[in-house]
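Visitor: I would like to go through this model term by term. For each label, please set the value against the cut-off behind it.

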Amino acid sequence: MNNDLPAYRERAGLSQGELADAVGVTRQTINAIERERYDPSLDLAFALADHFDCRIEDLFTPDGGEP
Amino acid sequence: MTHQPTTRRIGTRTRYVGLWIAAGVCYVGGLVAGYPLVAVAGFVVCGVAATATVHRADGVVFDERDRDIIETASANTIQVLGIGSAIAFPSMVVLTALDYVRWPPWLGAVGFFVAGLFALWLAFLLIARYRR
């Protein structure tokens with residue numbers, strides 16, 4: 001899964017730890033998602049999209065898709 | 001400061017793992033040294049401290065990624081144990097039957113343990129399947 005999370009996070013001026021606190025996960029999980037080493041659950045994907053006030057498809061795209 | 005919660009969480013995770021390692025060291029060390037009650041007491045104290053560390057933490061200490069990692073490790077363990085047992089035990093039975101080796105008594109206990117483990121795994125598999 002590809003994602004545009006780093007861009008959204010930096011645009012919001014948040015550190016990985018601050019975003020992690022906001023969506024209720026650990027900083028390591030946000031880091032793993034950004035490095036595309038971990039695909040979040042649907043619950044977490046919804047929480048991230050909700051936090052950035054965007055759609056899940058804006059944040060995540062399947063491998064090979066346009067982010 | 002924005003970095004404090006993150007630093008505290010990393011500390012909590014490290015402390016949790018460290019306490020469980022200490023529990024294991026206490027247990028094995030106590031048994032080897034010939035103090036079984038001290039071994040169990042040390043294990044219990046460290047285990048309770050580890051559990052309390054997580055429960056008393058402010059933020060999230062372990063999350064869905066940790067669960068995913070544990071599930072992957074558990075699945076791999078069961079797979080390796082299953083393949084290893086499927087090769088080792090029939091091979092030993094054949095070698096024993098052909099009189100190449102003598103069946104060691106401890107291997108029977110290991111066999112029962114593995115069988116029990118897979119019976120438990122099968123039970124949980126059926127429960128998970130039923131719920132989905």
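**Labels and their grounds**

Guide: B:D99 sits in the loop between α3 (64-97) and α4 (105-131) of chain B. The model is a predicted one.

Visitor: Why is B:D99 called exposed?

Guide: Exposed means over 50% relative accessible area. B:D99 has 68%, so the label applies.

Visitor: What is the phi of B:D99?

Guide: The phi of B:D99 is positive, about 70 degrees, although this residue is not a glycine. Most residues other than glycine have a negative phi.

Visitor: Where is A:D53 found?

Guide: A:D53 lies in the loop between α4 (42-51) and α5 (56-59) of chain A. Its phi is positive at about 55 degrees, and A:D53 is not a glycine. With a relative accessible area of 72% against a cut-off of over 50%, A:D53 is therefore exposed.

Visitor: What makes A:R9 and A:E34 a salt bridge?

Guide: The rule asks for a side-chain nitrogen of Lys or Arg within 4 Å of a carboxyl oxygen of Asp or Glu. The closest N and O atoms of A:R9 and A:E34 are 2.5 Å apart, so the pair counts. The pair links distant parts of the chain: A:R9 is in helix α1 (residues 5-11) of chain A and A:E34 in helix α3 of chain A, 25 residues apart.

Visitor: Why does A:R9 with A:E10 count as a salt bridge?

Guide: The closest N and O atoms of A:R9 and A:E10 are 3.9 Å apart, which is within 4 Å, so this pair also counts. Through shared partners, salt bridges join A:R9, A:E10 and A:E34 into one network.

Visitor: Which members of that network are buried or exposed, and how do you know?

Guide: Buried means under 20% relative accessible area. A:R9 has 9%, so A:R9 is buried. A:E34 is buried as well. A:E10 has 56%, which is over 50%, so A:E10 is exposed.

Visitor: Why is A:D58 called partly exposed?

Guide: The relative accessible area of A:D58 is 25%, between the 20% and 50% cut-offs, so A:D58 is partly exposed. A:D58 forms a salt bridge with A:R55, where the closest N and O atoms are 3.1 Å apart. Over all chains the count comes to five salt bridges.

Visitor: How many salt bridges are there between chain A and chain B?

Guide: Between chain A and chain B the count is zero. On the side of chain A that touches chain B, the elements giving two or more residues are α2 (16-23) and α3 (27-34) of chain A. By class, that side of chain A has six nonpolar, six polar and three charged residues.

Visitor: What area is buried between chain A and chain B?

Guide: About 1200 Å² is buried, and carbon and sulfur atoms give 49% of that. In chain A, the residues that lose the most area to chain B are A:T26, A:Q28 and A:Y38, together 40% of what that side buries. The contact takes 15 residues from chain A and 13 residues from chain B.

Visitor: How does the radius of gyration of chain B compare with that of a compact globule?

Guide: Chain B has 21 Å, whereas a compact globule of 132 residues would have a value near 14 Å. The C-alpha trace of chain B spans about 70 × 50 × 25 Å along its principal axes. Chain B has four helices and zero strands, and buried residues make up 18% of its 132 residues.

Notes: Residues numbered from 1 in each chain as written. Chains lettered and ligands numbered in written order. Predicted model: local features only at pLDDT ≥ 70, side-chain atom pairs only at ≥ 80, totals over all residues. Heavy atoms only, no water. Contact = heavy atoms within 4.5 Å. Buried area = accessible area lost by both parts, 1.4 Å probe. Nonpolar A, V, L, I, M, F, W, Y, C, P; charged D, E, K, R; others polar. Buried < 20%, exposed > 50% of the residue type's maximum accessible area, 1.4 Å probe, protein only. Rg over C-alpha atoms; globule rule 2.2 N^0.38 Å.
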